[in-house]
Structure formats: structure tokens, C-alpha cells
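Here is a short report for a first look. Please keep the sequence and the 3D view at hand while reading.

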Amino acid sequence: MDLPWTRAKLGLWLTASVLIGMTGSAHAMRCDNGLTADGDSPEQVLSKCGTPASRVIELPQKRGGHVVEGAVTVERWVYGPRSGARYHLRFVAGKLVDEAVEIVP
């Protein structure tokens, strides 16, 4: 019975599982007052990170003076550059749904 080899395989499998679990699509932005998280409201991000360098608000589409059913407000915020990176945040219907990091020279 080759017990050391079995332990080595188990160790590799556990290490790979942890690394795969850490590579999600979400990025948390570290701010002075905490980390951003999916589902944060704009107010929560403002309290954690302060005012963004850029803030664009796309209002819901209207037809005939009425908001189209299912249409929501989308906000796009940019922070930075901070520590060589620019952070792009997207809020849909008042919740943080996407964060992207752009490396800047």
C-alpha cells in the first residue's frame, strides 16, 4: 500500500480545491472603511469608499411617459487610479452586481 503517495494526492486535491474556490468572478475593492461586496447598495459603497472619481446614472427606459416594464436604473462608478488600478463598479436596481479591475500604468 502506497500511503505517502495517497497523502500527496489528497494534499494536491485539497490545494486545488481551495484555489478554485478563491477564483470567483467577483472582486472586492478594499477601501478605508471595509471591502465592497456583491449586493451592496450605493450608500454602503459610499460609506466604505467615499465619492467615486466618475459616476454615470442610466435611467430606466420610458415609452409614452411610463417606465418600460422590467427596466431598472443602472449606475456605473469608477474609483482610482489607486495603487496602480482603476476600479469599475456597476449597480443594477440599487445593488452592486459587478466589479472589474483595470491595471493602469
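Which residues form a disulfide, and how many Å apart are their sulfur atoms? Cys31 and Cys49 form it, with sulfur atoms 1.9 Å apart.

## About the model

This is a predicted model, in which local features need pLDDT of at least 70, side-chain atom pairs count only at pLDDT 80 or more, and totals for chains, interfaces and linings use all residues. Residues are numbered from 1 along each chain as its sequence is written, and side-chain values use heavy atoms, leaving out hydrogens and water.

## The disulfide

A disulfide is a covalent bond between the sulfur atoms of two cysteines. The cut-off used here is a pair of cysteine sulfur atoms within 2.5 Å. The search of the whole structure finds 1 disulfide. The link of Cys31 and Cys49 is right-handed, with 80° about the S-S bond. It joins distant parts of the chain: Cys31 sits in strand 1 (residues 30-31) and Cys49 in helix 2 (residues 42-49), 18 residues apart. Helices (H or I, at least four residues) and strands (E, at least two) are DSSP runs, numbered from the N terminus.

Both Cys31 and Cys49 are buried. Buried means under 20% relative accessible area, exposed over 50%, and partly exposed in between (1.4 Å probe, protein chains only).

## Lys48

Lys48 also belongs to helix 2. Is Lys48 buried or exposed? Lys48 counts as buried because its relative accessible area is 17%. Leaving aside neighbours within four places in sequence, its contacts (heavy atoms within 4.5 Å) include Cys31, Asp32, Leu35 and Asp40.

## Leu59

Leu59 lies in the loop between strand 3 (54-58) and strand 4 (62-63). Leu59 counts as exposed because its relative accessibility is 67%. Residues up to four places away in sequence aside, Leu59 touches Val72 and Thr73. Leu59 and Glu75 are 16 residues apart in sequence, and their C-alpha atoms are 8.5 Å apart in space.

## The cavity

The search of the whole structure finds 1 cavity of 30 Å³ or more. A cavity is a set of points on a 1 Å grid over the protein atoms alone where a 1.4 Å probe fits but cannot get out; lining residues have an atom within 4 Å of a point. The largest cavity has a volume of about 40 Å³. Grid points are joined across faces, edges and corners, and the volume is the space filled by probe spheres set on the points.

Among the lining residues are His27, Met29, Tyr87 and Glu99. Strand 7 (85-92) and strand 8 (95-103) are the elements that give two or more residues to this lining.

Key: 1 Å grid on protein atoms, 1.4 Å probe; cavity = no way out; pocket = protein on both sides within 12 Å on 5 of 7 lines; lining within 4 Å.
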